[in-house]
Amino acid sequence: MATTAPAGRRAPVLELSTPALVLDIDTFEANVAALERLLAGTGKTVRPHVKTHRTPELARRQLGGSAVGITCATVGEAEAMAEAGIDDIFVANEVVDPRKVARLVALAGRARIAVAVDDPEPVATLSRAAARAGVEVDVLIDVDVLLHRCGVATPADAVALARVIERSGGLRLRGIMGYEGRLRLTDDDRAAKLAQAYARLADARDALVAAGFPVEVVSAAGTSTLLEALANPEITEIQAGVYALMEPELLDSSLPFQCAVAIRGTVISRHPGRIVLDVGRRVVGMEYGPPVPIGFAASRIAMGDEHATIEMADPVPALGSEVDLAPGQIRTTFNLHDHVWVSRAGRLIDSWPITARGSSQ
Ligand SMILES: Cc1ncc(COP(=O)(O)O)c(C=O)c1O
């Protein structure tokens, strides 16, 4: 795998073979800087969710300024990030399996580790493991604010769980989290849903504070709810992830971020009004629809396992030429690749491993 050339030496010629995942690092850096500008003066921090790309080189470049540490979804992601030297990690997910709890506690020996909890049983498992290892693990009580996925249902449940945590050695209650999920600008009742979610978060926080528990951190929000979360007085920490790479669907919003990622394909078959690329579902996540052509318009895109059939106006691109598409779903797209090519000012400069690819355990 190619690496950046040491200063004074010529950069190696990077040979990209399609289909390939290509990151425009200038746009990525501009997105990271734009979030930093949004956060300026708010007193809030961001904890970038790295499930988006599972790539330590990118996670490192999101840190600094208001970014105090990272968010992960799985213990495997956390392990890959800690291995790369990242030392402040929040697993914003429930970890119940004692073997995974043991792995998490092992990480707490070399990094500051926090984890979401919504039940006394895993709290007890975590406490025993942390006490045995002589480490302290931070915990945030997960509050079900909107998704009806994980999280305690009521403020009373949050207080009851806080009492269990208080009695449990090796654990430190840092606060609460409540993920409201992706809400599109066009979603019916968006404002009402968000108001309800943030009211639930505030109720849980107030109940904990009234019961005498510290709530230093109120962690919430993804890219689609970033602006509302920034305006919310209770939220202290933003867990957004997609902002750094972006997805075409979110470009409609008033967010200052641009798409930074392309799937590069080659025209392998050419017909009047139609081309076929070597880009299929095996290399691009389709949950939010097919990828969007960059630099030209298509009237229709049909995706097979290894093919994208694109209907477009003539003249169509030449056989063998390369074409870029913006993936609709960035997280599954990254998880389908071993490495991401890095392009600066239109030139390939590097290639970084997607180290936590497949680390869903
Ligand atoms: C718990 C949690 N927090 C934050 C995020 C980040 O949201 P986004 O990737 O839309 O920025 C996610 C994404 O799925 C998530 O599951």
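Biologist: Is alanine 345 buried or exposed?

Modeller: This is a predicted model, in which local features need pLDDT of at least 70 and side-chain atom pairs count only at pLDDT 80 or more, while totals for chains, interfaces and linings use all residues. Residues are numbered from 1 along each chain as its sequence is written, and side-chain values use heavy atoms, with hydrogens and water left out. Buried means under 20% relative accessible area, exposed over 50%, and partly exposed in between, with a 1.4 Å probe and protein chains only. Alanine 345 has a relative accessibility of 71%, so the residue counts as exposed.

Biologist: What is the phi of alanine 345, and where is the residue found?

Modeller: Alanine 345 is found in the loop between strand 16 (339–344) and strand 17 (347–353), where strands (E, at least two residues) and helices (H or I, at least four) are DSSP runs numbered from the N terminus. The residue is other than glycine and yet its phi is positive, near 50 degrees.

Biologist: How many residues of strand 5 are buried?

Modeller: Strand 5 runs parallel to strand 4 (residues 88–94), to which 5 bridges join it, and 4 bridges join strand 5 to strand 6, also in parallel; two strands pair if DSSP finds at least two bridges between them. Strand 5 is largely enclosed by the rest of the structure, because the number of its 6 residues that are buried is 5.

Biologist: Which helix lies between strand 5 and strand 6 in a right-handed β-α-β unit?

Modeller: A crossover is right-handed if, with the strands pointing away from the viewer, the path from the first strand over the helix to the second runs clockwise. Strand 4, helix 4 (residues 98–107) and strand 5 make one such right-handed β-α-β unit. Strand 5 and strand 6 also belong to a right-handed β-α-β unit, and its helix is helix 5.

Biologist: Which residue forms a salt bridge with arginine 47?

Modeller: A salt bridge here is a side-chain nitrogen of Lys or Arg within 4 Å of a carboxyl oxygen of Asp or Glu, and the structure holds 27 of them. The side chain of arginine 47 meets that of its partner at 3.1 Å, N to O, and the pair links distant parts of the chain, 190 residues apart, from the loop between strand 2 and helix 2 to strand 9 (residues 237–238). Arginine 47 is buried, with a relative accessible area of 7%, and the partner, buried at 5%, is glutamate 237.

Biologist: How far apart are the closest N and O atoms of glutamate 57 and arginine 61?

Modeller: Both residues lie in helix 2, where glutamate 57 and arginine 61 are 4 residues apart, about one turn of the helix. Glutamate 57 counts as partly exposed at 21% relative accessibility, as does arginine 61 at 36%. The two form a salt bridge, and the separation of their closest N and O atoms is 2.6 Å.
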